[in-house]
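Here is a walk through one predicted model. Have the sequence and the 3D view open as you read.

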Amino acid sequence: MPIDSTLVGKSFPATEPYQVTADAVAGFAGAVGAAAGDDAPVPPTFPIVVTFAAMLDFLDTEQVELSRIVHGDQKFHYRRPVRIGDALTATMSVTGLRQIGGNDIIATASEITDADGDVVCTTTATLVHRGGGA
């Protein structure tokens, strides 16, 4: 079933706060092959952790199966680096939608904020919702 075009412009509730810990950063760094340790910065792709939670909430709310989603691209636009000790939330919005060959191309933006409500970064992503097969 195609994604409803009325979703464009819709924002979804913020995720639960995600506590950025040294262990979480070390585990993420190890998974992506980034430097880890006390002196190493938080990897720049780390906000995907909280952004992914926002995407799962969106898919659940809209009753879209994760198995039908292909991740098209992801970009991070920073205002400041993520720091250990941050409590991050993500608020996702659908910014665009188009249909190509029976598939939905969904553009999203997620604003990542800290416990004070200050924007840390904004992520943008393209999700491809595969249409039903014959």
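## Aromatic cluster and pairs

Tyr18, Phe28 and Phe46 come together as one aromatic cluster. Across the whole structure, a search turns up three aromatic pairs; rings of Phe, Tyr and Trp (its six-membered ring) pair if their centres lie within 6.5 Å, with planes under 30 degrees apart counted as stacked, over 60 as edge-to-face and the rest as tilted. One of them joins phenylalanine 12 to phenylalanine 58, edge-to-face, at 5.1 Å centre to centre with 70° between the planes. That pair links distant parts of the chain, 46 residues apart: phenylalanine 12 sits in the segment before strand E1 (18–19) and phenylalanine 58 in helix H2 (residues 48–61). Helices (H or I, at least four residues) and strands (E, at least two) are DSSP runs, numbered from the N terminus. Both phenylalanine 12 and phenylalanine 58 are buried, where buried means under 20% relative accessible area, exposed over 50% and partly exposed in between (1.4 Å probe, protein chains only).

Phenylalanine 28 and phenylalanine 46 make another edge-to-face pair, 5.2 Å centre to centre and 75° between the planes. Since phenylalanine 28 is in helix H1 (residues 22–32) and phenylalanine 46 is in the loop between H1 and H2, the pair ties together parts 18 residues apart in sequence. Phenylalanine 28 counts as buried at 15% relative accessibility, and phenylalanine 46 does too, at 1%.

A word on the ground rules: residues are numbered from 1 along each chain as its sequence is written, and side-chain values use heavy atoms, with hydrogens and water left out. As this is a predicted model, local features need pLDDT of at least 70 and side-chain atom pairs count only at pLDDT 80 or more, while totals for chains, interfaces and linings use all residues.

## Helix H1

Which residues of H1 are buried? They are Ala24, Val25, Phe28 and Ala29. Looking down the axis of H1, these buried residues fall within an arc of 130° (taken from the directions from the helix axis to the C-beta atoms), so they line one face of the helix. An α-helix has 3.6 residues a turn, so residues three or four places apart point the same way.

E1 and H2 are among the elements that cover the buried residues of H1. On the other side of H1, Asp23, Gly30 and Ala31 are exposed. After H1 comes glycine 33, with a positive phi near 75°.

## The sheet

Five strands make an open antiparallel sheet in the order E1-E3-E4-E5-E2; two strands pair if DSSP finds at least two bridges between them. E1 and strand E2 (69–78) stand at the edges with a single partner strand each, so one side of each has no neighbour in the sheet. E4 and strand E5 (residues 119–129) run antiparallel and are joined by 10 bridges. Isoleucine 112 has cysteine 121 in E5 as its bridge partner.

Serine 110 belongs to strand E4 (residues 103–113). Buried or exposed? Serine 110 is buried, at a relative accessible area of 1%. Beyond its neighbours within four places in sequence, serine 110 is in contact (heavy atoms within 4.5 Å) with Thr51, Thr91, Met92, Cys121, Thr122 and Thr123.

## Aspartate 86

Aspartate 86 is in the loop between E2 and E3 and counts as buried at 9% relative accessibility. A polar atom of its side chain lies 2.8 Å from the backbone nitrogen of arginine 83. Not counting residues up to four places away in sequence, aspartate 86 touches Tyr18, Gln19, Val20, Arg80 and Pro81.

Note on methods: A polar contact is a pair of N or O atoms within 3.5 Å; within protein, one must be able to donate a hydrogen and the other to accept it, and residues adjacent in sequence count only if both atoms are side-chain atoms.
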